[in-house]
Amino acid sequence: MSESVRIDKWLWAARFFKTRSMATDAVDGGKVRLNGDRIKPARSVKPGDTLDIDNGSTEWEVVVKDLADKRGSAAIAQTLYEETERSIAERDKKAEQRRFFREPGEAIKGRPTKRDRRLIDKF
């Protein structure tokens with residue numbers, strides 16, 4: 001295995017994003033930071049680097065433990081990184097908040113159906 005891998009390949013292999021193009025778009029959009037700096041998708045990542053990742057639903061702070069450029073099982077993907085204590089605490093706190101207070105629009109999935117529209121009109 002080489003000593004460095006492109007960041008977009010690593011994010012995809014570690015299963016933070018469903019496709020490599022989604023990982024590339026996230027890096028381009030500034031949703032991924034390497035050691036606190038904004039980067040480009042071709043930037044290499046090596047063991048010991050710290051990544052701040054926002055994949056839309058969850059924010060992670062992880063330390064790269066191992067490299068991979070091919071996507072494997074979830075069990076293998078979890079061995080590629082180690083989440084920091086602060087990140088775990090933040091995610092737990094946000095999960096607790098979501099449990100007690102649901103976003104009003106969270107239940108709406110996409111476009112309203114004909115039945116939903118009738119209920120809205122009736123209201």
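A polar contact here is a pair of N or O atoms within 3.5 Å; inside a protein, one atom must be able to donate a hydrogen and the other to accept it, and residues adjacent in sequence count only if both atoms are side-chain atoms.

## Ground rules

This is a predicted model: local features need pLDDT of at least 70, side-chain atom pairs count only at pLDDT 80 or more, and totals for chains, interfaces and linings use all residues. Residues are numbered from 1 along each chain as its sequence is written, and side-chain values use heavy atoms, with hydrogens and water left out.

## The sheet

Let's begin with the strands. Helices (H or I, at least four residues) and strands (E, at least two) are DSSP runs, numbered from the N terminus. Two strands pair if DSSP finds at least two bridges between them. On that basis there is an open sheet of 5 strands in the order 3-2-5-6-7, with antiparallel pairing. Strand 3 (37-38) and strand 7 stand at the edges with a single partner strand each, so one side of each has no neighbour in the sheet. Helix 4 (residues 85-100) packs on this sheet, where it touches strand 6 and strand 7, and its direction makes about 160° with that of strand 6. Axes are lines fitted to C-alpha atoms, for helices over the stretch in contact, and angles run from 0 to 180 degrees between N-to-C directions.

Now the individual pairings. Strand 2 and strand 5 run antiparallel, joined by 3 bridges. Strand 5 (residues 50-54) goes on to pair with strand 6 (residues 59-64), antiparallel over 5 bridges. Strand 6 in turn pairs with strand 7 (residues 81-83) in the antiparallel sense over 3 bridges, and there V64 stands opposite Y81. The hairpin of strand 5 and strand 6 has 4 residues between the strands, and G56 in it takes a positive phi near 100°.

## Two sides of strand 5

Buried means under 20% relative accessible area, exposed over 50%, and partly exposed in between (1.4 Å probe, protein chains only). I53 sits opposite W60 in strand 6. D52 has R33 opposite it on one side, and its bridge partner in strand 6 is E61.

## S87 on helix 4

S87 belongs to helix 4. With a relative accessible area of 5%, S87 counts as buried. Its side chain makes a polar contact of 2.7 Å with the side chain of E83. Setting aside neighbours within four places in sequence, S87 is in contact with E59, W60 and E61.

## Helix 2 and its cover

Helix 2 (residues 20-28) has A23, T24, A26 and V27 as its buried residues. Seen down the helix axis, they fall within an arc of 160°, so they line one face of helix 2; the arc is that of the directions from the helix axis to the C-beta atoms. As a reminder, an α-helix has 3.6 residues a turn, so residues three or four places apart point the same way. The cover over these buried residues includes helix 1 (7-13) and strand 2 (32-34). After helix 2 comes G30, with a positive phi near 80°.

D8 is found in helix 1 and is buried, with a relative accessible area of 2%. A polar contact of 3.4 Å links its side chain to that of R20. Not counting residues up to four places away in sequence, D8 touches R20, A23, T24 and P41.

R6 lies in strand 1 (residues 5-6) and is partly exposed, at 33% relative accessibility. Leaving aside neighbours within four places in sequence, R6 is in contact with R20, P41, A42, R43 and S44. R6 and R111 are 105 residues apart in sequence, and C-alpha to C-alpha they are 37 Å apart in space.

Definitions and conventions: Contact means heavy atoms within 4.5 Å.
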